[in-house]
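Please look over the structure below before reading on.

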Amino acid sequence: MGPTASGKTALACRLAERFDLELISVDSALIYRGLDVGAAKPDATTLARFPHRLIDIREPTAPYSAAEFRRDALLAMNEITVAGRVPLLVGGTSLYFRALAWGLAPLPDADPELRQRLSDEAARLGWPALHARLAAFDSHSAARLSPNDAQRIQRALEIAELTGEPPSRLLEHGMQRPPFRILKLALQPVQREVLHERIAQRMDVMLDAGLVEEARRLRELSGWHPDLPAMRAVGYRQAWPYLAGQSSLAEFRQRAIFATRQLAKRQLTWLRGEIDAQNLDSERVDLVDAASARLGRFLSVAA
C-alpha cells in the first residue's frame with residue numbers, strides 16, 4: 001500500500017522476482033481499459049513479465065463498485081492460493097482495501113430521482129456545500145472524503161436519506177474479515193517534499209507520453225460524460241477544462257499536480273489509520289531487501 005507515485009508497482013515486481021507471488025491490482029483507475037498513461041498503468045512489457053489481475057476488466061463507460069472489487073479480489077486470491085502461490089495486492093485505493101479487509105454492509109440500491117436532486121443541488125451550491133451537509137450528519141464519513149469528491153459525497157448523502165442512518169455506522173455493521181492472514185506493507189516517504197517532486201516529474205512524463213491525446217480519445221467515446229467514475233480519476237478530471245478550451249496547458253498541468261498531491265495526502269492520512277501496517281520509507285536505498293525480509297518472515301511463519 002502507499003500514496004500515488006511512491007513506487008508500489010516497482011517494489012511489487014521486485015518482490016515477485018524473489019517469491020512465488022501473483023499480483024492483484026487494487027486501483028480504481030487501472031480496472032478501466034484505455035486509462036493507461038494518466039493512470040500510470042504498468043506497460044505491456046511489465047504486465048507480460050508480471051501479470052496483474054483486475055487490470056483492464058471494464059470499459060471506461062461502465063460502473064464498478066467496491067463490492068464488485070471485493071468479490072473479484074477474493075475470487076482471484078482463492079484461485080492463486082489453490083494454485084500454490086501467494087497473492088500480493090498492490091495499489092492505493094483505500095476504499096477497495098477497506099472493502100476487502102472489512103467487508104461491506106448491505107446498502108440501499110441507487111435512487112435515480114434522489115441522485116438527480118443531489119446533482120441539481122450541487123450544481124447550484126457546489127459539492128463542498130453538500131460535503132458540509134454530510135459532515136453535520138456523519139462526521140466520520142465526511143472526514144474520509146474530499147469536499148469535491150462528487151461521487152462519494154452523493155452516495156453517502158443518498159444512503160443517509162434512504163436509511164436515516166450515518167453511512168459510517170452502516171459500514172461498521174457490515175464487517176466481515178476475509179479468510180486470509182494478511183501482511184500489510186505501507187510505503188510512506190519520510191520527506192513529503194520528495195513525493196511532491198516525484199509527482200511533478202511523473203506528470204511531465206505523462207504529458208510527454210500522450211496524456212492529453214489519451215484524454216481526448218476518452219472524451220470522444222460513445223456514452224462519455226464527465227461524471228462517469230472513470231472520468232473523475234485524477235489527471236483526467238483536470239484535462240476536461242483544457243480540452244474544452246477553458247484553460248491553458250500550463251494551468252492543466254498545475255491543477256493535475258495539485259490534485260495528485262491532494263490525493264497523496266488523503267492516502268497518507270488513511271495509511272496512518274492502518275495501525276497494523278508495517279511502514280517502509282519509500283526512498284530508502286535498501287527498500288527491496290527490507291520488504292523482502294519482512295515478507296520472508298511472514299511466509300515462513302505461515303509455512
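Does Arg-49 count as buried or exposed? Arg-49 counts as exposed, because its relative accessibility is 58%, above the 50% cut-off. The model is predicted, and a search of the whole structure finds 24 salt bridges.

**Salt bridges between helices**

- Glu-17 forms a salt bridge with Arg-49, and their closest N and O atoms are 3.0 Å apart. The pair links distant parts of the chain, with Glu-17 in helix 1 (residues 8-18) and Arg-49 in helix 2 (residues 44-49), 32 residues apart. Glu-17 counts as partly exposed, at 42% relative accessibility.
- Asp-289 and Arg-18 meet through their side chains in a salt bridge of 2.9 Å, N to O. Asp-289 belongs to helix 14 (residues 287-302) and Arg-18 to helix 1, so this pair ties together parts 271 residues apart in sequence. Asp-289 is partly exposed at 46% relative accessibility, and Arg-18 is partly exposed at 41%.
- Glu-161 forms a salt bridge with Arg-117, with the closest N and O atoms 2.5 Å apart. Glu-161 lies in helix 8 and Arg-117 in helix 5, so parts 44 residues apart in sequence are tied together. Glu-161 is partly exposed at 39% relative accessibility, and Arg-117 is partly exposed at 37%.

**The buried side of helix 6**

- Trp-127, Leu-130, His-131 and Leu-134 are buried in helix 6 (residues 127-137). They lie on the same side of helix 6 because they cover an arc of only 105° around the axis.
- The buried residues of helix 6 pack against helix 5 (112-125), helix 7 (139-143) and helix 8 (150-163).

Notes. Residues are numbered from 1 along each chain as its sequence is written. This is a predicted model: local features need pLDDT of at least 70, side-chain atom pairs count only at pLDDT 80 or more; totals for chains, interfaces and linings use all residues. Side-chain values use heavy atoms; hydrogens and water are left out. Buried means under 20% relative accessible area, exposed over 50%, partly exposed in between (1.4 Å probe, protein chains only). Helices (H or I, at least four residues) and strands (E, at least two) are DSSP runs, numbered from the N terminus. The arc is that of the directions from the helix axis to the C-beta atoms. Contact means heavy atoms within 4.5 Å. A salt bridge is a side-chain nitrogen of Lys or Arg within 4 Å of a carboxyl oxygen of Asp or Glu.
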